[in-house]
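Biologist: Could you walk me through reading pockets in a model like this one?
Modeller: Gladly; let's bring it up first.

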Amino acid sequence: MNLPHHLLAPSPTASTPASALLLAQQLAGQFAATAAERDHAGGTPKAERDAIRASGLLGLSIASELGGLGANWQQTLLVVREFAKADSSVAHVFAFHHLMLATVELFGQPEQWQPWHEITTRQNWFWGNALNPLDERTISRRFDGWYEFSGQKSFCSGALDSQMLVVSARQQHSGQLVVAAIPTGRSGISVQQDWNNIGQRQTDSGSVNFEKVRIENNEVLDNPGPLTTPRSCLRPLLAQLILTNIYLGIAEGAFEEARHYTLHEARPWRAAQVDHTHEDPYILGHYGEFWVGLESVRALTDRAGNSMVAALARGEALTQDERGEVAMHIAAAKVAATRMGLNLACQMFEVTGARATHAGLRLDRHWRNLRTHTLHDPVDYKLKELGEWALIRNYPTPTFYS
């Protein structure tokens, strides 16, 4: 459960992608006020999720003709990044909500996903994730007109306090992956509050149990299905791009906290022979390195976001090579964001000093959140993919992680 904290101030609702970013900045300021104590408490960021519900931002990436704000993915990711500066757990569940909306659109047919999108905007539904294709403990059995799912899934970010889930299972005999979208409250589904990791502590990324859960045929996303066309293969790239923006947002938030502490709390080292910390040449050198790193990752991440927008606009005409180019842009940005973010979240203590390690400040949460999140899939394999492209011009084979 959350620690008691101030009630979030009521906010106006967003009506355009531009107003969405301004509203996200306002909400992020409120979330930041309790981010450190909520990180310590763990559990569900219920008040923050409800504030997002009330804001209209759950419809950010949904088409305007379906009641949403009609933002493209670069505009959506700028909002994700804004949240991540203040609270990377809230950014995580918010971003995965939009990833699930994209999943049903890329894997399914309009007659499936359009009603889901429309009711999401009308009823402020939150979507959660119980897909995790690496966890194969959930088994699907086929019956006449429906499926049955039984088993367990781990790393189910945002499943708690959601109205809809994207789920997957392996067919009992063929081993084929079955992906579906179903209500979280369906009989046989139980969401476990068993997430207790060192970082991303309010993402509710625990497990979900399925006990003879009935899945109707029209809830199964099998046309075109997962990873069957270049367009459907954009879904894992969206996931990677989301992670990259969260990493960058965490680094930007860590930078701002370090800067404030350096300017207002830190004391100059005696050997520097200066009156103020901001006059120390070594401190200035660190901040120069931080800024170069942030600017470089911003450029790579924005390039990747814009290439994703262009690829989605191609629709079914997207080619494998065009998809591969997007994959390379995102892989480069993700590697750079991982390295820069982890370095900044560690080196920030070089510019804040020993007193900044006081447990009450919880400045270590930036490193813990990044370290937890950047292990989502090994960055070494992103470098291998980039190396294969740089040396022999091979694009990566599409998987749920590349």
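Modeller: Helices H5 (88–107), H7 (234–264) and H10 (365–373) each supply at least two residues of the lining of the largest pocket. Helices (H or I, at least four residues) and strands (E, at least two) are DSSP runs, numbered from the N terminus. This is a predicted model, where local features need pLDDT of at least 70, side-chain atom pairs count only at pLDDT 80 or more, and totals for chains, interfaces and linings use all residues. Residues are numbered from 1 along each chain as its sequence is written, and side-chain values use heavy atoms, with hydrogens and water left out.

Biologist: What counts as a pocket, and which residues lie nearest the centre of the largest pocket?
Modeller: Rolling a probe the size of a water molecule over the atoms shows where empty space is left. On a 1 Å grid over the protein atoms alone, a pocket is an open set of points where a 1.4 Å probe fits, with protein on both sides within 12 Å along at least five of seven lines; lining residues have an atom within 4 Å of a point. Here 26 residues line the largest pocket, and Phe96, Phe155, Ser157, His376 and Tyr401 lie nearest its centre.

Biologist: Which helix gives the most to that lining of the largest pocket?
Modeller: H7 does, with 4 residues.

Biologist: How much space lies in the largest pocket?
Modeller: About 550 Å³. A volume is the space filled by probe spheres set on the points, with grid points joined across faces, edges and corners.
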